[in-house]
Amino acid sequence: MTTLTFIKPDGEKTTVEATNGATVMEVAKENDMPMLAACGGSLACATCHVIVDEAWYEKSGEVCEAEEDLLDTAHGLTNTSRLCCQMKVSDDVDGMVMTLPPMG
Amino acid sequence: MSEVHTTDVAIIGAGPIGLFSVFQCGMLKMSCHVIDALPATGGQCTALYPEKPLFDIPAAPGINAVDLIERLEKQIEPFKPVIHLNQQVTELEKIDEHWYLSTSSGLKIQAKAVIIAAGTGAFGPNKPPLDSIEQFEGNSVHYMVQKREDFRGQRIVIAGGGDSAVDWALSLADVAAEVYVIHRRDRFRAIPESVAQMKALADEGKIELVIPYQLASLEGEGDKLKTVVVKTLDGDERRIEADHLLSFFGLATKLGPINDWGLDILNGVIKVEPSTCATNIEGIFAVGDIADYPHKLKLILSGFSEAAQAAHAAYLIVNPGQALNFEHSTTSGVPTL
Ligand SMILES: Cc1cc2nc3c(=O)[nH]c(=O)nc-3n(C[C@H](O)[C@H](O)[C@H](O)COP(=O)(O)OP(=O)(O)OC[C@H]3O[C@@H](n4cnc5c(N)ncnc54)[C@H](O)[C@@H]3O)c2cc1C
Ligand code: FES
């Protein structure tokens, strides 16, 4: 079983189990993480912004141009910012740690 | 006191599901007022993907989002809904047997029942989360520009990397004293010719592209901006003296006041009883993207069905003690109000 760790804006850490093939956004929503994901994963809102722990960024997958474009409208970007509706759960990201920015 | 509109049902949100709620209420002879923060109806369909085709609307395969909204408007026309645009519902309170809604433009609506079809919240500018930004709004911070002349001789910082940022950089280059464009990377999401023109102006020294920087903070006195502080991802800071900030990060939604009405809300969605779309507060229903129950699918299809469930349940509140005769539309036709 793959696990993912979310660090909420207040610093609380939650480790959850995730099914391979799901998107990280789906996993976050299923586990009631404080994340809007307003557009439901259709790459139209940037409210599923997460900051991937540096050690995991490379493994988090390719960032397509449409995701880069939408990241332009997210705030508080870092070098390891991703839109997590574009990240798939797989064995490669087992143990990945991500910080959730404040919901705004 | 301003005039109070009275109606059977007040619908918050004129997205596809708010519009179809008018239809379902209308078929049960209930009148509706609809309020939306956007200047047009259609919610996400209009604001986020007007030209995209939808393939999962029953019997309308491949329909463009704007066309879907146009058809919904046509479908509800016979019920003469009153649609109030460009304003957010900011207050909702119950006095005796009636609900009173107030909007950001001072409008008041009295209703017997309320249907919340607010999607992911009211659309508005996607504001950078800078501590003091609201202090400068109205004078030095702008999310849209009406008159270019307002900026003659002024020092302008434009933040963003899309069409609005590029177009205003081009337009203001001639009238403003200084124009800075802050963007986090070299690529702009705008018409290539415009981007090329902007880069040419930068080469000529008429404007300055401040790349790769993001807004970090704003400084000034009262509502007068003095300095825009920007940072790179590596923490390099630059301070730009400026009179105005034009912030162009597109639209975002905010649930805002809906959070304060005592509804059972978690992470932006309202818990409802799926068979009626009733919320935890009697007389308030929630439908569409904002309504949540186990295994909810955030689809227009589901929202349409929720609108029917909510209208039937609202009927009993709008018309207490009256029987609700279930009729197919083929039997009833389209009643006039
Ligand atoms: C890119 C993209 C593609 C999509 N593709 C599909 C698809 O193929 N099929 C499908 O079924 N669905 C699709 N969807 C989802 C679909 O658009 C939504 O499910 C649908 O728009 C929800 O409708 P709604 O009326 O509940 O809310 P919305 O469309 O979000 O409308 C809510 C409205 O309420 C207003 N509002 C909120 N709060 C207030 C307030 N306090 N005062 C005043 N106004 C307020 C908002 O301004 C907004 O206009 C897609 C979404 C996106 C972003
Ligand atoms: S959920 Fe909207 S972009 Fe990811």
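Okay, let's start with a question: among the contacts in chain B with a separation of 6 or more, what share comes from residues 24 or more positions apart? It's 59%. Keep in mind as we go that what you see here is a predicted model.

Let me stay with chain B for a moment. There are 8 helices and 22 strands in chain B. Picture a box of roughly 75 × 45 × 35 Å, laid along the principal axes, and you have the space that the C-alpha atoms of chain B fill. Chain B has 337 residues, and 50% of them are buried.

Now, the inside. The largest nonpolar core contains 40 residues, and V9(B), I11(B), M30(B), I115(B) and I300(B) are the ones with the most contacts inside it. Several pieces of chain B each put at least two residues into this core, including β1 (4-12), β8 (108-116) and α7 (300-318). The largest share comes from α7(B), with 9 residues.

Let's zoom in on I115(B). Setting aside residues up to four places away in sequence, I115(B) touches V9(B), A10(B), I11(B) and I12(B), and also S21(B), C25(B), F285(B), V287(B) and A310(B). There's also a second, separate core, this one of 32 residues, and V16(A), A18(A), A22(A) and V97(A) are among them.

On to the ligand. Where does ligand 1 lie? You'll find it between chains A and B. It has 35 residues around it, and the ones that come nearest are D36(B), Y49(B), V89(B), D289(B) and I300(B).

The side chain of D56(B) has an N or O atom 2.9 Å from a nitrogen atom of ligand 1. For V89(B), a backbone N or O atom is 2.8 Å from a nitrogen atom of the ligand. And for D289(B), we're back to a side chain: one of its N or O atoms is 2.7 Å from an oxygen atom of ligand 1. On its own, ligand 1 has 1,000 Å² of accessible area, and the protein covers 93% of that.

So what kinds of residues make up the shell around ligand 1? By class, we get 19 nonpolar, 12 polar and 4 charged residues. The largest share of the shell, 3 residues, comes from α1(B).

Two more residues before I stop. First up, H183(B), which sits in the loop between β12 (178-182) and α6 (192-203) of chain B. Is H183(B) buried or exposed? With a relative accessible area of 2%, H183(B) counts as buried, because the cut-off for that is under 20%. Its side chain makes a polar contact of 3.5 Å with the side chain of D72(A). Leaving out neighbours within four places in sequence, H183(B) is also in contact with residues of chain B, including G160(B), F188(B), R189(B) and Y213(B).

And then T14(A), over in strand β2 (residues 13-18) of chain A. T14(A) has a relative accessible area of 19%, so it is buried too, given that the cut-off is under 20%. Beyond residues up to four places away in sequence, T14(A) touches L4(A), T5(A), F6(A), K8(A) and M33(A).

Technical notes
Residues are numbered from 1 along each chain as its sequence is written. Chains are lettered from A and ligands numbered from 1 in the order in which they are written. This is a predicted model: local features need pLDDT of at least 70, side-chain atom pairs count only at pLDDT 80 or more; totals for chains, interfaces and linings use all residues. Side-chain values use heavy atoms; hydrogens and water are left out. A nonpolar core is a set of buried Ala, Val, Leu, Ile, Met, Phe, Trp, Tyr and Cys residues joined through side-chain atoms within 4.5 Å. Buried means under 20% relative accessible area, exposed over 50%, partly exposed in between (1.4 Å probe, protein chains only). Helices (H or I, at least four residues) and strands (E, at least two) are DSSP runs, numbered from the N terminus. Contact means heavy atoms within 4.5 Å. A residue is near a molecule or strand if one of its heavy atoms lies within 4 Å of it. A polar contact is a pair of N or O atoms within 3.5 Å; within protein, one must be able to donate a hydrogen and the other to accept it, and residues adjacent in sequence count only if both atoms are side-chain atoms. Accessible areas come from the Shrake-Rupley method with a 1.4 Å probe; for residues, only the protein chains shown count as cover. Ala, Val, Leu, Ile, Met, Phe, Trp, Tyr, Cys and Pro count as nonpolar, Asp, Glu, Lys and Arg as charged, and the others, Gly among them, as polar.
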